Amino acid sequence: MSRPLRLGALSAALLLTALAAGCGGGGGRPDTSAHQKLDWSSCPAPSSSQDAAATKAPGGEWECATLHVPLDYRKPRGKTIGIAMIRAKATDRRHRIGSLIFNFGGPGGSGVATLPALAGSYKQLRTRYDLVSFDPRGVGRSSGVRCLSDRQLDAYYAADSTPNDNAEVKGLVRRVKTFAAGCEKNSGTILPYVGTTNAARDMDLMRRVLGDRKMHYFGVSYGTELGGVYAHLYPKNVGRALFDGVVDPMQTPEQGALGQAKGFQRALDDYLKACPRDSASSCPTQSRIRTLLKRLDGRPVRGYGGRKLTESLADGGIAQSLYSREYWQYLTQGIAGAQQGDGRILLALGDAMNGRGPDGRYSTLQSSLSAITCADFKQRYTVPDIERKVPAFRKVSPVFGDMMAWGLTQCTDWPVHGAWSTPDVSAKGAAPILVVGNTGDPATPYEGAARMAKELGPGVGVQLTYKGEGHGAYDSGNACVRKTVNAYLLKGTVPPKGKVCA
């Protein structure tokens, strides 16, 4: 997941109750030291806050626990929060290396819900690692950020996100203010503390509590930014670390959004070129897609559950379908359906982007994304700022440019100040980190991998290139990528500089 697109309301009273429980109300303050003992037990089914689509508990090989951490690391004896964790133990205990900690990105994705769902891809890694993931602070069961009710979110995501006149601009600004005010009302206690630096500190405490001398890490998308910040803070603690689907650490939110506009446009162009070979049905053109979106702006079509497919939901659905080549067939079907007045497929894709489940309940995905992004970055873009930038965004992407540009309003009225202009990921003295860039990645464009490798520092960032499509490389199933990454994580074999997998 990316910045502007990074796939039942919790009242303020319920959130404060949950925080009070995390602070040890009635039972003494929980131990937040490295000597605390994790109480591993069977895992419940993911809650709607973690994964709006998941309904089943993970299998018996999975265990869950809560790590207790300071809410504010400047006040280590103050309030605490719980970080939800999950693990499956290594199958070859005799040759176990340690824990391999996963972050799947967002920011805002639940690792507790995601790791079991994707674990089939990591069977070989599990032979020598305990597979471990977590809900970062402000996500899912780790005091997940809630901003609006499910019904309010339905209206929020359906509303026009690409305004064409002053009245529509005012409407967008009003909605963004309402969203930010809802976040402050319902989750204000945790908002100042959800930034990436605190998440990195949580990970190092997690490493120590798990008993690992080094941090072995598998970061995807935003997880690469989190991994880079960790490496900067704790270079001597870095073990074997993989960054896949790499965020460019040198980009401001504006530059990141513009890069995403280019990336999604490039992926859309690749889809349009491949469509005649991949599909027997009628393939769209970019012109037809733009015509459809313009029509939906004024005349939404039927979706499901009494809801309609609007331009904004369709734009998000098209973007969602470009995260993996496996979704391209649904994009073809969805566009064809919407042109005939049936918006169900594109609406389902748009709902997946926004973290909405079939029952109408939303995970914390997008609310957490905004909270973490705005806690990290100092930049606050005004309407005049964005209006000046829209032409440049349209130039690089006729389909996604407006949506990406206006997405920069997400932090404009945020109640918490940001920490940095760009994160520092320099990690002098760290062990080699494998940085994998995918040439067809829409959400984290390929160019970011080289910049991350450079910023990590000489001898630290080692780049591997995958010439493919979709977001990330390891889960693409490419045999060369799998072999190279597995050799690094399981045997410590660092690939030669400039290695390419196709």
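Predicted model: local features only at pLDDT ≥ 70, side-chain atom pairs only at ≥ 80, totals over all residues.
Residues are numbered from 1 along each chain as its sequence is written, and side-chain values use heavy atoms, with hydrogens and water left out.

Let me start with the interface. In contact, meaning heavy atoms within 4.5 Å, are 29 residues of domain 1 and 25 residues of domain 2. The two domains bury about 2000 Å² between them, with 61% of that on carbon and sulfur atoms. Buried area here is the accessible area, 1.4 Å probe, that two parts lose on being put together, summed over both. Of the area that domain 1 buries against domain 2, 29% comes from Val145, Pro442 and Glu469, more than from any other three residues.

How many salt bridges does the rule find across the interface of domain 1 and domain 2? It finds one, a salt bridge being a side-chain nitrogen of Lys or Arg within 4 Å of a carboxyl oxygen of Asp or Glu. The side chains of Arg266 and Glu447 meet in a salt bridge at 3.4 Å, N to O.

Next, the disulfides. The structure holds five, each defined as a pair of cysteine sulfur atoms within 2.5 Å. With the bonded cysteines numbered in sequence order, the pairing runs 1-2, 3-4, 5-6, 7-8, 9-10.

One of them joins Cys43 to Cys64, S to S 2.1 Å. The torsion about that S-S bond is about 105°, so the Cys43 and Cys64 disulfide is right-handed. Both Cys43 and Cys64 are buried, that is, under 20% relative accessible area with a 1.4 Å probe, protein chains only.

Another joins Cys275 to Cys283, also listed with S to S 2.1 Å. Here the torsion is about -85°, so the Cys275 and Cys283 disulfide is left-handed. Cys275 and Cys283 are buried.

Then there is Cys374 with Cys411, sulfur atoms 2.0 Å apart. At -90° about the S-S bond, the link of Cys374 and Cys411 is left-handed. Cys374 counts as buried at 0% relative accessibility, and Cys411 is buried at 6%.

Definitions and conventions:
Buried < 20%, exposed > 50% of the residue type's maximum accessible area, 1.4 Å probe, protein only.
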